[in-house]
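Subject: Structure handover

Hello,

Here is the structure I said I would pass on. My notes follow below it.

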Amino acid sequence: MVCVHYGPHGERLIRRGVELSEMLGAPLYVLNVDSSDSDEYNHSKEMYMAVWKRLAEEAGAEFLVRKRRGRKTTDVIVEAAEEKEVTQIIIGQSAQTLWQELTKRNFVNELISKMKMMDLHVVAVQRMRAGLEETHEEGVISYLVKNEGVYQLSDEPEGNDYIKGKFFHELHTEFENGLFRIEQDGKARYLHICEGTLTEPL
């Protein structure tokens, strides 16, 4: 079972899950734990969900969504895994500083303490600025063009409302997924692009 959250790394985790399920000859599940307290429409979330559902379908996997409803995410993951009799769980984790590890309870340790007869695979998810060359193609000059209230990726500036920057296409993906770098207040800012559309507010 692959656990995916909102962000640009879910596709990579799902592909890792496909490899493991094929190697073990076991069914594959893709789980998203919804932490929102309302059913309000979230464009960014829906964009990622559409990609994950498509990847799961192509891999013959079952896509699961579980509401957290005030519970701990680790409890929801273990509950879903036990329900589906899962033996292997895949999650992604960003690198943490020592201070973060000391001041925030470690999610991985908490999950392991609740798992029974399951193996946990932790896939390292690098920070956007560190190791960009290893996870994305070389950046190319691109534009975010506003169309009906939504910014979309384009090779050329169109109209009066556009933003110039560099687009870093994520490796091993067939979609226009990646990071769009702009300069803001003298600092580089990386925006998430999913299927050619900006998924977060500017």
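I start with a residue in the helical part. Leaving aside neighbours within four places in sequence, valine 108 is in contact with Ile91, Gln93, Leu120 and Val122. Valine 108 is found in helix α5, residues 107-114. It counts as buried because its relative accessibility is 10%, and the cut-off for buried is under 20%. Valine 108 is 13 residues from histidine 121 in sequence, and the two C-alpha atoms are 9.9 Å apart.

Please keep in mind that this is a predicted model.

Overall composition

The chain has 202 residues, of which 43% count as buried. It contains 6 helices and 11 strands. Among contacts with a separation of 6 or more, 62% are between residues 24 or more positions apart. The chain exposes about 12000 Å², with 47% of that supplied by carbon and sulfur atoms.

Helix α1 covers residues 10-24. The buried residues of α1 are Gly10, Glu11, Leu13, Ile14, Gly17, Val18, Leu20 and Ser21. Just after α1 comes glycine 25, with a positive phi of about 65 degrees.

Helix α3 runs over residues 73-83, and Thr74, Val76, Ile77, Val78, Ala80 and Ala81 are buried in it. Just after α3, glutamate 85 has a positive phi of about 55 degrees.

The pairings from β6 onward can be followed strand by strand. Strand β6 (residues 140-147) pairs with strand β7 (residues 150-154) in the antiparallel sense, over 5 bridges. Within that pair, tyrosine 143 stands opposite serine 154 of β7. The two strands form a hairpin with 2 residues between them, and glutamate 148 in the turn has a positive phi of about 55 degrees.

Strand β6 also pairs with β8, again in the antiparallel sense, over 6 bridges. Here serine 142 stands opposite glycine 165 in β8. Strand β8 covers residues 162-169, and it pairs antiparallel with strand β9 (residues 178-184) over 4 bridges.

From β9 the pairing passes to strand β10 (residues 187-194): 7 bridges join the two, which run antiparallel. Glutamate 183 stands opposite alanine 188 in β10. This hairpin has 2 residues between the strands, and aspartate 185 takes a positive phi near 55 degrees.

Strand β10 then pairs with strand β11 (residues 197-198), antiparallel and over 2 bridges. Cysteine 194 stands opposite threonine 197 in β11. In this hairpin too there are 2 residues between the strands, and glutamate 195 takes a positive phi near 50 degrees.

Histidine 169 lies in β8, and its bridge partner in β9 is glycine 178. Is histidine 169 buried or exposed? It counts as buried, because its relative accessibility is 16% and the limit is under 20%. A polar atom of the histidine 169 side chain lies 2.8 Å from the backbone oxygen of phenylalanine 175. Setting aside neighbours within four places in sequence, histidine 169 is in contact with His136, Glu137, Phe175, Glu176 and Asn177.

Glycine 139 lies in the loop between α6 (132-135) and β6. Its relative accessibility is 12%, so it counts as buried. Not counting residues up to four places away in sequence, glycine 139 touches Lys166, Phe167 and Phe168. Glycine 139 and leucine 179 are 40 residues apart in sequence and 9.0 Å apart in space, C-alpha to C-alpha.

Cysteines

How many disulfides does the model have? The count comes to 0, where the rule asks for a pair of cysteine sulfur atoms within 2.5 Å. Cysteine 3 is buried, because its relative accessible area is 11%. Cysteine 194 counts as buried at 1% relative accessibility.

Regards

Technical notes
Residues numbered from 1 in each chain as written. Predicted model: local features only at pLDDT ≥ 70, side-chain atom pairs only at ≥ 80, totals over all residues. Heavy atoms only, no water. Buried < 20%, exposed > 50% of the residue type's maximum accessible area, 1.4 Å probe, protein only. Contact = heavy atoms within 4.5 Å. Areas by Shrake-Rupley, 256 points an atom, 1.4 Å probe, with all protein chains shown as cover. Pairing = 2+ DSSP bridges. Polar contact = N/O pair within 3.5 Å; in protein donor to acceptor, adjacent residues only side chain to side chain. Expected span 1.5 Å × (residues − 1).
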